[in-house]
Each structure stands twice: as structure tokens, then as C-alpha cells.
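User: Hi! Could you walk me through how the helices in this model pack, and what the labels rest on?

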2 protein chains.
Amino acid sequence: MNIKIILEGKIKEPYFKLGIEEFKKRLTGYTSLKIIEVNSISDFVKSNVKQNSYIITLEIEGCELSSPEFAQKIKEIEQDGICNEIVFLIGGSEGLPVDIRNKSNFKFSMSKLTFLHQEAVFILIEQIYRAYKILNNETYHK
Amino acid sequence: MNIKIILEGKIKEPYFKLGIEEFKKRLTGYTSLKIIEVNSISDFVKSNVKQNSYIITLEIEGCELSSPEFAQKIKEIEQDGICNEIVFLIGGSEGLPVDIRNKSNFKFSMSKLTFLHQEAVFILIEQIYRAYKILNNETYHK
């Protein structure tokens, strides 16, 4: 499964860069993951997101999942076989525009708390890694 | 208000260290914050936590708050005037022992997702900083 994380904005802080790089490295062998920083999510989605992409929008009002439930969600998308990539969309400080939210296949809330966007990318990538550890029955920190 | 974050375990990863240091620095002027790494939370609480400490345990099954609600919570503890410090307790990989959970004044869940302990410290310190920005009506990233 190809996974893309699309972020409106930039990952600037060195600690986020380092942390994200670390988990990207760890994910090699489990899945292909790309992080793409864009100026406009709407423009990006229009020209780059295909029909067979499963779109997960990160929305504070979305559906909260536990880590095992999130792993299960990824497994289900893989097993469905309809989509060959999962695209996570993280909006800028104004959140995601309505047209994008309308295209979402799943509205995912990681927390009721507001996170920095760069922080959201880090938390998400760690959860994706955790999901693959869970799905492969491998030990990982609780 | 004095704030202490007590963590069973160590902050090892360089990206967590860097990120936590950054927010500790930013919090200077808002509050006095100490992070204390301990071998056993139970032992630490027995000998160090005073009657006038407000204990917040981080528990996945606890009560979830939005960032403004979390800020309000801190404000209320300050205004109550009964407690002169807030002590956040973050357990090891086995979570917090029952005796500690029984002493909790507030069980706080940051998410339904499982986080690394070091990550939980980072997310918490960023939320404490966010809380003070909210309480002081200062601009900060959404």
C-alpha cells in the first residue's frame, strides 16, 4: 500500500524534521510513504489525487480511533483492494476547505486537542508505524 | 503556578529532547515547569507529592478535553487557590498503578491513540504552552 501525507504548509522545526525522518526510515519495508508539502491542498487534490485513492482527512470533529482500530482501518482498505493508495490530508491553520472535506472517505480525529500541523504529521507517522507493528504482531512500546 | 511533569522512564530520543527543551524555554515567563524522570512513580509520589498538589494522571480511558477546555482547567485550579502546584503523572509501558490512579484529582486523556511516553511528554508540554497562550489571549497556531 502506498501512503501519502499531504500537508498544507511546511515542516520547519528541526525536532519535527528529525522525528519524522526517523519514522520514515523505520517504515521502510512496511509501506511506501511520502510526505508532500503543498501551498494549496485544493489545487493538489484536483490535479494529483486519483479515483482509486482512499482519502483520509484529519479533522478535529472527525471520528476518533484507538491505535488498534486505526491499524484495522488500514488493513481493511488494503484488503478491499479498491484503492491502491491512502492519502492523508492535513490542512493549514484554517483547516481543510469544504470541497476537500466533501471528498473525504474517512474523517479522522487524532484528538480533541488542537495540534500544530507539523506535530500532527509526526503523530500520524508514528501511528502509521504503530499500525504496521500491530498488523505484523510485532512488539512495540505501549 | 508550579507545574511538574513526572515521567516513569527517560526521554532519550534527540528529537523529543530538542522539542521538549524548546517548549520549556517558551514557557519561561508563563509558569515554572519541571520535568522529572523517575524509576517508580509510586515511590516518587509517596515521598514528594504534597497535600496541596493537584494531581492529573494521563490515562487513555480518562476524560478528553479540547485545548480551550484544558486551558480552562488550568485556570480553575489556579483560581481555586487550594493547590499551589499541578503534577502531571505519565506512567511507564504498563500504565499507572492503581494506587496512583486512586490519588488522581483529574484523569486526563489526550487521545484514544496510544502514544510513546516521550511523545506524550512533548504533546503535553505543547498543550500547556498552548493553554497559557489561550489564557493570555495571545496569538498561536491553530
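Analyst: Happy to! Buried means under 20% relative accessible area, exposed over 50%, and partly exposed in between (1.4 Å probe, protein chains only). This is a predicted model, where local features need pLDDT of at least 70, side-chain atom pairs count only at pLDDT 80 or more, and totals for chains, interfaces and linings use all residues. Residues are numbered from 1 along each chain as its sequence is written, chains are lettered from A and ligands numbered from 1 in the order in which they are written, and side-chain values use heavy atoms, with hydrogens and water left out.

User: Which residues of helix α2 (residues 41-48) of chain B are buried, and what makes them line one face?

Analyst: B:I41, B:S42, B:F44 and B:V45 are buried. Down the axis of α2(B), they fall within an arc of 165 degrees, so they line one face of the helix. The face turned away from that buried side carries the exposed B:K46 and B:S47.

User: Why is α1(A) called roughly antiparallel to α1(B)?

Analyst: The axes of helix α1 (residues 14-27) of chain A and helix α1 (residues 14-27) of chain B cross at roughly 155 degrees. Angles under 35 degrees count as roughly parallel, over 145 as roughly antiparallel, 65 to 115 as roughly perpendicular and the rest as oblique. That makes α1(A) roughly antiparallel to α1(B).

User: And what makes α3(A) and α5(A) roughly perpendicular?

Analyst: Helix α3 (residues 67-80) and helix α5 (residues 117-135) of chain A pack at an angle of about 75 degrees, and are therefore roughly perpendicular to each other. Their axes are 8 Å apart.

Key
Axes are lines fitted to C-alpha atoms, for helices over the stretch in contact, and angles run from 0 to 180 degrees between N-to-C directions. Helices (H or I, at least four residues) and strands (E, at least two) are DSSP runs, numbered from the N terminus. The arc is that of the directions from the helix axis to the C-beta atoms.
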